[in-house]
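User: Hi! I have a model open on my screen and would like to talk it through with you. Could you start with the terms you'll be using?

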Amino acid sequence: TRFINERSGQATAQISCALPMDANGKIMPGGPKPVFAFLPVRNSGLRFALHADFDVVAGRDDLIEDSEWNEWLCQQAAHVFKDCIMAGLQGTSFDSAWLALVPLQGEVIPALARFQAEAIGLLRECKCIPTEAPVTEDPVARLSRPSSVLVCSAAFSTLFDSGWVRAAKGCQNISSSIDAEKYSAVLELLGCNLN
């Protein structure tokens, strides 16, 4: 999609997501980070920094909510975010902490609501959830789409064998390395099968 910003006449834009990581490339989730339009604008509600040439209000303390340019940037930024997550999952440095970076409903400022919706939609279609599939040399082989992942609560697991549910739904069990209770809201939002 080509979009021309009426203000600047731009047909393209640079978009950056700065994920909080330690020196070993492990995600270090923290509190909300700012959104940038070359300079910090305001707290975004996201747990990573996002930069693009957003349209800002005159005082540069907020993004313009009804800007078509900002809507387009949010849509493109969601692809950048998804690509960052997928690149990290291709290696061995990402663990389940990346789930803390996924913005939940109501966490982001209104001008970034489109980003949140697009990012969730894109991640739902990606093989991004580690499962208990057989171990191979390829770490990506253990990743599944959220809709193909079964997450059983401790209470469910004590009452039932998840094997029959997994077989009936054609799902893989979520990796035991993921704290499913801690990330239950994100896993549900992404479309995992929660029991």
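Predicted model: local features only at pLDDT ≥ 70, side-chain atom pairs only at ≥ 80, totals over all residues.

User: Thanks. So where does Ser-144 sit?

Analyst: Ser-144 belongs to strand β6, which covers residues 143–144.

User: And is Ser-144 buried or exposed?

Analyst: Ser-144 counts as buried because its relative accessible area is 11%, and the cut-off for buried is under 20%.

User: What is Ser-144 in contact with, apart from its neighbours in sequence?

Analyst: Leaving out neighbours within four places in sequence, Ser-144 contacts Cys-126, Lys-127, Cys-128, Ile-129, Thr-131, Val-149 and Gln-172. Two of those names come back in a strand pairing: Val-149 has Gln-172 in β8 as its bridge partner.

User: Nice. Which strands does that pairing involve, and how many bridges join them?

Analyst: Strand β7 (residues 149–151) and β8 run parallel and are joined by 2 bridges. They are part of an open sheet of 3 strands, ordered β8-β7-β9, with parallel pairing. The edge strands are β8 (172–173) and β9 (193–194), each of which pairs on one side only.

User: Quick reminder, what holds paired strands together in general?

Analyst: Strands in a sheet pair through backbone hydrogen bonds, in either a parallel or an antiparallel way.

User: Let's change topic. What does β2 pair with?

Analyst: One partner is strand β3 (residues 39–43), which pairs with β2 in the antiparallel sense over 4 bridges. Another is strand β4 (residues 49–51), where the pairing with β2 is parallel and has 2 bridges. As for individual residues, Val-35 has Arg-42 in β3 as its bridge partner, and Phe-36 stands opposite His-51 in β4.

User: Which side chains of β2 are buried?

Analyst: In β2 (residues 34–37) the side chains alternate.

User: What about the residue between the strands in the β2 and β3 hairpin?

Analyst: That hairpin has 1 residue between its strands, and Phe-38 there takes a positive phi near 75°.

User: On to the helices. How do α1 and α2 cross?

Analyst: The axes of helix α1 (residues 68–90) and helix α2 (residues 113–124) come within 8 Å and cross at roughly 40°. That angle makes α1 oblique to α2. The crossing is right-handed.

User: Which residues meet there?

Analyst: From α1 there are Glu-71, Cys-74, Gln-75, Ala-77, Ala-78, His-79, Phe-81, Lys-82 and Ile-85, and they meet Arg-114, Phe-115, Glu-118, Ala-119, Leu-122 and Leu-123 of α2. By type, the residues of this contact divide into 9 nonpolar, 2 polar and 4 charged.

User: Last one: how many helices and strands are in the chain?

Analyst: The chain has 5 helices and 9 strands. Of its 195 residues, 45% are buried.

Note on methods. Residues numbered from 1 in each chain as written. Heavy atoms only, no water. Axes fitted to C-alpha atoms, helices over the stretch in contact; angles between N-to-C directions. Parallel < 35°, antiparallel > 145°, perpendicular 65-115°, else oblique. Left-handed = near helix turned anticlockwise from the far one by under 90°. Contact = heavy atoms within 4.5 Å. Nonpolar A, V, L, I, M, F, W, Y, C, P; charged D, E, K, R; others polar. Buried < 20%, exposed > 50% of the residue type's maximum accessible area, 1.4 Å probe, protein only. Pairing = 2+ DSSP bridges.
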